[in-house]
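Please read this briefing beside the sequence and the 3D view.

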Amino acid sequence: MEKNTEKIELTGRAAAALVRNASVTEGMHLHGTYHIQHWKPKEGMREQFIAARDGALKMKDRAKWLQRLGLGVIAREVIAIADRRHQSALESLCYVADEDSIINLVTTAGKNDALDKYLAGSAYTAAFYMGLVDGATAPTYAAADTMSSHAGWTENQNYTQTTRQAPSWSAASGAAKSTSTPVSFSINTNGQTLAGAFITTSNTKGGTTGTLYSCGNFTGGNKTAGNGDTIQVSYTANA
């Protein structure tokens with residue numbers, strides 16, 4: 001797995017009192033790596049897996065109805081059961097056809113956001129979401145990319161989840177922070193070409209608001225996926 005070469009450099013300099021030209025320099029370097037698994041249904045199991053996948057998603061839709069009725073505890077249990085059923089079907093009816101990594105670009109907007117939130121944040125609650133980059137045309141990325149302006153690439157929205165997916169994080173350890181479980185995208189349309197992934201602060205599929213934190217291509221090239229395939233993405237940030 002390759003680690004990306006993009007980094008945020010935070011440098012502070014303070015003159016020591018009464019000592020000419022004396023200085024103290026402190027630095028922090030952040031870099032991250034996406035890891036991707038491409039799951040495909042086993043021979044003859046595609047329709048069975050799609051049925052199990054869609055059944056789990058219907059359960060989660062019913063859970064939203066329970067939440068609106070004020071039955072949050074029951075809704076969370078239904079969601080947990082649906083997620084377990086989906087994962088069980090994935091592991092029993094599918095196999096990992098391909099694994100890859102992404103060298104991601106940390107955008108200028110993402111760097112600015114990290115600096116603002118950490119150094120000047122007040123009652124800050126993190127909200128980050130992952131999305132997929134379409135590979136129908138060859139994507140290109142620039143540090144100046146934002147969610148409202150990224151002319152070099154487009155988002156692929158052809159997965160069953162109704163929003164971009166939120167990662168769950170483990171506690172930081174050893175100057176690294178990783179997703180606790182992979183973020184899953186259940187592809188629902190045949191003939192999809194996927195080029196990479198991105199992280200943003202808005203969960204709206206196809207939305208142009210929020211802050212684009214990072215984006216990049218799979219190092220091994222585009223992935224061809226169809227209805228019933230699952231793309232799972234993990235992310236690790238290192239300091």
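The points below are grouped by topic.

This is a predicted model, in which local features need pLDDT of at least 70, side-chain atom pairs count only at pLDDT 80 or more, and totals for chains, interfaces and linings use all residues. Residues are numbered from 1 along each chain as its sequence is written, and side-chain values use heavy atoms, with hydrogens and water left out.

**Helix α1**
- Helix α1 covers residues 46-68; helices (H or I, at least four residues) and strands (E, at least two) are DSSP runs numbered from the N terminus.
- From first to last C-alpha, the 23 residues of α1 reach 34 Å, close to the 33 Å expected at 1.5 Å a residue; the expected span is 1.5 Å times one less than the number of residues.
- Buried residues of α1 include Phe-49, Ile-50, Arg-53 and Leu-57. Buried means under 20% relative accessible area, exposed over 50%, and partly exposed in between (1.4 Å probe, protein chains only).

**Nonpolar core**
- The largest nonpolar core has 19 residues, and Tyr-34, Met-130, Phe-185 and Ile-231 have the most contacts inside it. Such a core is a set of buried Ala, Val, Leu, Ile, Met, Phe, Trp, Tyr and Cys residues joined through side-chain atoms within 4.5 Å.

**Two strand residues**
- Thr-200 lies in strand β9 (residues 192-200) and is buried, at 0% relative accessible area.
- The side chain of Thr-200 reaches the backbone oxygen of Thr-211 at 3.0 Å.
- Ser-178, in strand β7 (residues 176-178), is partly exposed at 25%.
- The side chains of Ser-178 and Thr-236 form a polar contact of 2.9 Å. A polar contact is a pair of N or O atoms within 3.5 Å; within protein, one must be able to donate a hydrogen and the other to accept it, and residues adjacent in sequence count only if both atoms are side-chain atoms.

**Salt bridges**
- The whole structure has ten salt bridges, each a side-chain nitrogen of Lys or Arg within 4 Å of a carboxyl oxygen of Asp or Glu.
- Glu-155 and Arg-164 pair at 2.8 Å, N to O; Glu-155 is buried at 15%, and Arg-164 is buried at 1%.
- Lys-64 and Asp-61 pair at 4.0 Å, three residues apart in α1; Lys-64 is partly exposed at 37%, as is Asp-61 at 44%.
- Lys-40, Arg-46 and Asp-229 are linked in a salt-bridge network.
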